[in-house]
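Please find below a colleague's note on the model shown here.

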Amino acid sequence: MNRKTLKLAKASRLATVSAMGAIALAGCGGGGGGGGGSGVATNVIPDGVTQHSVTVYAATSVAATTPGSTAATQDLLTGGIGKSGLGAAAAPAYADSLNPTAAELRRNALYSNYRGILDPSAGGGYGSLYGPNVTAAGAVTSGEGLIPGREYLASLDDGTGRKRVVMAVQVPDSFDVANPCVVVGPSSGSRGVYGAIGTAGEWGLKHGCAVALTDAGKGMGLYDMTDDTVNKVDGTRATRTVAGALSHFAANITDAARATYNALFPNRLALKQVHSQLNPEKDWGSDTLAAARYALYVLNDRYGTASEPVKFRADNTIVIAGSASNGGAAVLRAGELDSTGLIDGIVASEPVAEMPSTFGYGITVGGTPVAGYGKQLADFVTYGNLYQPCAALAAPAALAEATFFNYMGIAGMTARATARCDSLAAKGLVTGADTAARSLDALAKLRAFGWTTDNDQMHNAHYGLGNAAILSAMYPVMYGRFSVLDNVCNTSFAQVDATGSVIAVNPVTKATGFAVGNGTANGSPATPVYNDSFGGAKAWQFAVSPSTGVADFGLDTALCQRALVTGVDTVTGAALTAGSYPTAAQSAAVRAGINEVRINGDLHGKPTIIVAGRSDALVPVNNNSRAYVAFNKLLEGAGSKVRYVEVTNAQHFDTFIPLSGWDTRFVPLHPYFNQSMDAMYAFLKNGTALPPSQVVRTTPRGGVSPAPAITATNVPAISAAPAAGNQIGFTGTSLAIPN
């Protein structure tokens, strides 16, 4: 008997024993109560959810017929621009880029979020292995792949008016009321509500499922400290007063405090995930569950009848939670929190698993125990931020490319990386008489901390792209619930010019930020600024540390950020004090926030597929996917239904594969997310066995950039019966990975 049959059988039993003969489960969390004694369940919106609009997207110009909705010439998946538009290098234009409409921002947000996750190049597989024109069955068509339907936009709040989690439930016209399914997709990274459109969104819509998207408390909540303007939940901007209850995020400060701050630090910006003072990561799981409950409410609103207002419930609707990166973490946490059976299956791609410990479990690769594993994001990010620029100069990390992949080969970067090696050596943090030896020591430290030799050549690009500096500036502030006024580790956020100096935010960039930004301080428009850089505030790339007097990527700030996480002085190892930099109290706040986000590893026997790229240097598998699977197996034992698929030559950012050096080395991970979703759906719907845990051995495209076009031979499918040398097992208390 498959899982859906079991759910329907359960529903039948509930209906039989109900005294009134009515179905008693509404499946909508904070709503779904009785109907005033009538014995018929009512469709009640979940607690804390406010619905803002319902829009009909018919892929042609239509008149809106639903109260509160707007006419649109778009669709659910592509914003009306189709496969060709998503694949185009240029984003769709605005009629007035200083005053974009909500519909224009939605269209361009779909464009940028799709491309921000996936490789949009034909040579990399777009349009052949995946894309709007590729059907659910994998057939490649000549169509544009537009998907008509309705989109319900809402937000979830905790009563304070500050939480403001944005949700968009998309119901395609192809939704099958006789075979209902919901796909829940929390955004990857720090992205906004459409952050999972290319992963969970596309898969779900093509399969006729309702799709519940959510930013999970992150997103493009850009607050301008200068003019007190905010993003509204639909992406448009206004002052916080005008935006009112539709404000996505505004810093929780008074006008007087803002004026004082602006006088000292002009042109600064605040970001929702960083400065909400709510530590939103702790709620990613519960926010994902809330989106699932809201989706059931939406389906009943759309298809319920007077005689059966609650047609769809958790017990008769297949619900799959699937997403990537931070979204992958969110679906795992949702599974851990879900004790009611709301979620039936989980697919987590490259999840950020905030491990509670390394006690009791281990990892072996080719029979050899792994030494460094099971560390949390703040730990390995701030550690990498110290050593990656120096390690990138090591011989095993050397790159032939002059640009793109080899960011340390760009003018000025090599000198700064060398200066970082020298500064680390002067403080006793690396050993060696010269750069060659010091960089090798830095690389060895990274390997001992959870990275692998598969990541050696990735440190260059990952640091050069700013991943370590950006996340080290963001996450400790989020965990510590610090205000934007605190300038933790003398760091702030602003738009900068080509020299790294703070400038006023560009009006067009600010107006269109909802569409182009990804919620991080990646420069669109905010960048981490080191306020105490010698000679004046500078962006992280150009910072001169006061203690060294050289441009070493602001080592002093990196040392401070590391101390926030560890509680000790990074150089001396002494415990922080009330007068240290940072203070003991600041570090205690950060470490308390980190404790709030740790996973527990218990998925209650839920069928789960975790897929990861072996070459992932942003979310190293030893600290994340491998560690989570091992921990879950330890906790759940024979009751665990977790499968783990590790893909060789795949890394975290499919979107970078078109770049020189990436295209020859890496294959996309996204096809394996899709295959995992297919496998999960087949298991839940038909009882088809889940694939065993395994290593999938891929073949890079090779050659010289631009690499030859990808083919199916480069990315073999997940096997239903993997060869013995590819099988991943659990031996004793250790996850056993083959070489």
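1. Proline 582 lies in the loop between helix 17 (555–566) and helix 18 (584–596); helices are DSSP runs of H or I with at least four residues, strands are runs of E with at least two, and both are numbered from the N terminus. The peptide bond joining tyrosine 581 and proline 582 is cis, with omega about 0°. The model is predicted: local features need pLDDT of at least 70, side-chain atom pairs count only at pLDDT 80 or more, and totals for chains, interfaces and linings use all residues. Residues are numbered from 1 along each chain as its sequence is written, and side-chain values use heavy atoms, with hydrogens and water left out.

2. A cis peptide bond also runs from serine 524 to proline 525, with omega near 0°. Proline 525 is in the loop between helix 16 (513–516) and strand 16 (527–530).

3. Most residues other than glycine have a negative phi. Phenylalanine 553, not a glycine, has a positive phi of about 60°; its loop connects strand 17 (538–539) and helix 17. Phenylalanine 553 is buried, at 0% relative accessible area (buried is under 20%, exposed over 50%, partly exposed in between; 1.4 Å probe, protein chains only).

4. Histidine 604 likewise is not a glycine and has a positive phi, of about 55°. Histidine 604 lies in the loop between helix 18 and strand 18 (608–613) and is partly exposed, with a relative accessible area of 44%.

5. Tyrosine 475 is in contact (heavy atoms within 4.5 Å) with Ser190, Gln273, Glu281, Trp284, Asn326 and Leu377, leaving aside neighbours within four places in sequence.
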